[in-house]
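Open the model in your viewer, switch to a cartoon view, and come along for a short walk. We will go from the whole to the parts.

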Amino acid sequence: MKPVATKKEKQLHAALSRRDVLKGAGYAAAAGMMSGLLPGLSFAGKEKKPNIVFILSDDHRWDHFGVMGHPWIQTPNLDRLANEGVMFSNAFCTTALCSPSRASFISGQYAHKHGVINNLAQWDEQNVTVLELLKQRGYRTGFIGKWHMPGPLPELRGVDQFISFTHKTGQGSHFDCPLVIDGVETERKGKYLAEDLTDFALDFIRKENDDPFCLYLAHKAPHYPFNPPPELEDLYKDKPIDHLPKSAHHRFAGMVNGEVYGGVLWNVEAKYKKYCSLITSVDQQVGRVMDELERLGVADNTIVIYSTDNGYLMGDKGHFDKRWAHERALRIPFIVRYPAGLKNPGRISEEMILNVDLAPTLLAMAGAPASSEMDGKSIKPLLLNKTVAFRESFHYEFFKDFPPYTVPETDAVRTRRHLYIEFNNSRRKAELYDITKDPENLHDLMGTPEGQKVLPGLKPLLDDYRRARKNAA
Amino acid sequence: MQPDMSGDKRKSLNKRLILPAGIALIVWLALNFFYDQLIHIESVKLYAFLADMTWVLLVISVGFSTLIIYPIMYFRGASFGERLLGSFLTPLGWCFKEVLRVNVSFTLAEATFFTLFTSVSLMLIFGQVGLIGLSELLYRWVKKRKGGIGKILTAGPAISVLVSLVTVYFIALYDGGYSFHLTVKMLYRALFL
C-alpha cells in the first residue's frame, strides 16, 4: 500500500529547496565515496563506530517546525537537521504520555513490557537500556536530562555520566532546577534548564576519548508550564493563531470540563505562544550541540537524532494535553542526520516508525546485534533508503492514569490509512477514522457504511495485538 | 448583649429557599447548556467571544452565586441550615456533574474520590465556606445600618473566612498547587492502582 502523504508532509516536501536537495546529494555522494574508501566511516564500520547524539524533547508537536510549514515558528537548527538528514513524517509514540514513552525510547519496549505504564509507575531496575548495550560495545555513554519516572533515580547500568533531576517528582522546572549530577544533588540557581543541560552535554562531547560516544540528552522543554527564557518570552506575541482549531481561540478552553485539570491553560493564546517560544529555545540548544560537533570535527561521523516523547493536542477535538489516541497526540517528530552514513539526505521517509524503534536502530548503527527483548525494529534500512516493507500497522496502548485527565484505558490500532480506537472499562464508544481524508479525526466512521466496510479488518487486528500483549505478560 | 442578627421575618419555604437557590441552579444549568451549544457556531471570532463571556458567567454562577443568594435567603428569614443548603446547591450540582463526567471512564468510587479531593472541587467547597462567612458579615452590616442590634464580627463567620483563605492557599497557591496535587495523586495511587 502506498504511504500516506498529508498536507503537512507535502508542505515539507516543498520546504526542502532544490539547493537543499543538491546539498544532500553532495553529502550522499561524499558518504558513498567515503564508505568505499574509508570503511571506518561507514555504517557500523569495524574501525570507527559512529558517535550518537539523541536529543529528546517533551511534548513537541510534530508539525511545529518551520520546515513542516508552520506559519511563523522559528526552528532554523531543527530545519537544518531535517534538510541534511531524513525526516520521518509518520513517526508515532506507542503511549502518548511522558514516562511510558521515555521508557520506551530507552528500552525499545512497549509500556506493558517495561512496566512504566503511566506517570505513577516506577522504572524496573531489571530493564535493560540501549545505553547499557552500547556500553558493552565500547561506547562512552551519558544520560543528561529528564528521566521523569517516579521514585528515586535508578542505578543506570552502563552509563558513564548520569545527570538528571528529581525536582517536582522528576518533572523539573524550567528555571533554577536542582540537578543530580552523578548522584550528587546540586543547586542550579539562575540557570535555564535546557541551556544548563546542554552545557553538560557539550562538556560530555568535548571529553577526549578514543571511544565513540553515545549521548542521550533529554529536555523538559517545551513541556508545561510554558515559561520560556526571558529573551524569547515575547517572540511570538503579535503572531496570529489562525492555524489552530476553533477551540484554541476560546481563551478559557483549557479550563473547561476535563481540561481544567490537564491543560491549565489560562488564556490559551498567550500560553500557546510561549509554548512556541520554548520550542525555539530547544532549537537554539540543538544548534549549540551541532556547532560543537562541527567545531570538534566529528559532525560527519555523529548520528544526531531529534524526537519527542509524545504529541500535543492544542484544542484538537477540543482537548489540550496528550494521552488521547488521536492523531495529534500520537505523532512525534523524528529526524536523523548522519552525513557519513545516510543515503539521499534531505528526504522524507513516509514509513511508519515508532519510539520503540530508537533503541534497536542505535544498536544496528553501532554494529551491535539486535536484542530479542526489544519490541521495536531498526530503521537502518530506511536510513540507507532501501525499499523494504517496514510496518503496516502498530498497536497504541494507554493504561489507567490519574482521573483528572479522564482519558480511559485505550487500545488502538493505526494502519497506514485508518485509526481504530477502543476504550477499555469505559462507557466511551469505539472510534474509527480515515487518516487520509480526516487527519484531524473529526469524522468518526463508526456506524457509517464506510466504517462497516473496514472494521472487520481492523477489529481482529487490534484483538491480535491485545492477545500478543497478554502472551507477553 | 446578644446579637440580634437571626434574620428577618420568615417567608414561605418557597420564597426563602427554593426560589433563590433554585434560580441560581437553573441559571447555572442554562449557562451550561448554552455553552455546550456554542461549539456549533461556525464563525471563530463569534464563537470565541461568546464562549469567553459564557465561561466567565459560568464561573460566577457556580463559584460566587452565594454572595447574592445567601443575603436574599437571610432577608427572607431562612434558617442557618436552609441558608447552607441553598448556598451549596449549585456548587454541589457542579460536583455531581464532575462525578458523572469522570464516571464515564472510571469507577463510581474513583469518580467520587476525584470529585471530593481534587483542587478545583475543594476550592469550590471551601470557597463557599468563606463566602457564607462573608455574606453573613455583609448581611449583619446592612442590618445594623438599618438599626439592628448586636455585633457584626463574631467568631463563626470570621473563622469560616479564615479557614477558607488558608485552605485555598494550601490547595492552589502554595507551590503553585503542585504539592497538593501530588498528595492527592499519591493517595489515589495507594487506593486505586
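Predicted model: local features only at pLDDT ≥ 70, side-chain atom pairs only at ≥ 80, totals over all residues.

Select the strands of chain A: 10 of them form an open sheet with mixed pairing, in the order 6-5-4-3-7-1-8-11-2-12. At the edges you will find strand 6 (184-186) and strand 12 (347-354) of chain A, each of which pairs on one side only. On average, neighbouring strands here are turned by 15° against each other, direction ignored.

Next, select residues 51-57 and 302-308 of chain A. These are strand 1 and strand 8, which run parallel and are joined by 7 bridges. Look at S57(A): its bridge partner in strand 8 of chain A is T308(A).

Which way do they point? F334(A) and V336(A) point one way, I335(A) and R337(A) the other way, and all are buried. In a regular strand the side chains alternate between the two faces of the sheet.

Finally, turn to the partners of strand 11 of chain A. With strand 8 of chain A it pairs in the antiparallel sense over 4 bridges, and V304(A) has R337(A) as its bridge partner. Strand 2 (residues 86-92) of chain A also runs antiparallel to strand 11, joined by 2 bridges; there, M87(A) stands opposite I335(A).

Notes:
Residues numbered from 1 in each chain as written. Chains lettered and ligands numbered in written order. Heavy atoms only, no water. Pairing = 2+ DSSP bridges. Axes fitted to C-alpha atoms, helices over the stretch in contact; angles between N-to-C directions. Buried < 20%, exposed > 50% of the residue type's maximum accessible area, 1.4 Å probe, protein only.
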